[in-house]
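Hi there,

Here is the structure I promised to send over. Have a look at it first, and my notes follow below.

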Amino acid sequence: STDKLIQIPYGVNLEEFYPVQKEDNTFRFIHCGGITLRKGVHYLLQAFTELNLPDAELWMVGSVDAEMGDIIEQYDAENIIYHGSKDQTELKWFYSQCDVFCLASIEEGLAIVQAQAMACGLPIITSENTGGSDLITEGEHGFTVSIRNVEKLKTKMQYMYDHQEQARIMGDQAMNHVKKSFTWGNYGTNIYDAYNDILNKKIQLNQ
């Protein structure tokens with residue numbers, strides 16, 4: 001039962017993930033992770049294509065699964081750019097050239113790329129099945145949408161595009177939130193405290 005579960009989100013390495021200078025003014029959404037059906041990439045591609053936002057780009061960072069061939073061809077466009085898989089040390093530059101992180105996964109555990117993007121100053125738009133709701137305060141650091149819901153995804157992407165100053169503020173708040181609560185130091189402290197709590201409860205039961 002849920003009362004027996006202890007939930008402790010992963011941390012992010014702030015020595016690797018921090019904002020660097022953005023080199024232009026193009027408004028960009030970024031997906032980082034596998035380009036797969038499980039990651040809901042087809043919903044993100046559909047949403048971005050249907051929005052048809054002027055002077056906006058969608059960056060896709062990650063290895064492309066063979067199953068995505070027809071879908072990528074269907075949504076082929078100059079402003080959807082595939083960068084391939086990148087080393088962890090390179091990711092902060094890619095995050096920092098973008099304005100909003102998007103993850104439309106159908107299912108997975110806690111996707112650590114969300115905290116990485118937040119540490120680089122990005123607000124996130126994430127599905128309810130990514131663990132992102134454990135990282136953000138809704139409307140303060142980003143938005144959570146239901147899975148497979150292209151219209152909701154479009155609504156939140158449009159909001160970020162229409163309110164770019166607010167998106168920057170949300171990104172700053174997301175970065176500060178990660179620095180305060182989701183470092184690996186926080187993770188270690190929380191794990192230590194959780195084990196201590198379990199041990200203390202067992203001792204009390206045995207007395």
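A term you will need first: a salt bridge here is a side-chain nitrogen of Lys or Arg within 4 Å of a carboxyl oxygen of Asp or Glu. Please keep in mind that this is a predicted model, where local features need pLDDT of at least 70 and side-chain atom pairs count only at pLDDT 80 or more, while totals for chains, interfaces and linings use all residues. Residues are numbered from 1 along each chain as its sequence is written, and side-chain values use heavy atoms, with hydrogens and water left out.

On to the salt bridges: the structure holds eight of them. In one, E107 pairs with R38, and their closest N and O atoms are 3.6 Å apart. This pair links distant parts of the chain, since E107 sits in the loop between β4 and α4 (113-119) and R38 in the loop between β1 and α1, 69 residues apart. (Helices, H or I of at least four residues, and strands, E of at least two, are DSSP runs numbered from the N terminus.) E107 is partly exposed at 41% relative accessibility, and R38 is partly exposed at 38%. For these words, buried means under 20% relative accessible area, exposed over 50%, and partly exposed in between, with a 1.4 Å probe and protein chains only.

E50 and K154 form another salt bridge, with the closest N and O atoms 2.9 Å apart. E50 belongs to helix α1 and K154 to helix α5, so this pair ties together parts that are 104 residues apart in sequence. E50 is partly exposed at 41%, whereas K154 is buried at 15%. Salt bridges that share partners also join D24, R28 and E57 into one network.

Among the buried ones are Y43, L44, F48 and L51. Their cover includes β1 (27-32), β2 (56-61), α2 (69-74), β3 (80-84), β4 (100-103) and α5 (150-162), where contact means heavy atoms within 4.5 Å.

Finally, the loop between α1 and β2 is worth a look. N52 is found there, and has a positive phi near 55° although it is a residue other than glycine. D55 is in that loop too, with a positive phi of about 50°. N52 is exposed at 64% relative accessible area, and D55 is exposed at 70%.

Best wishes
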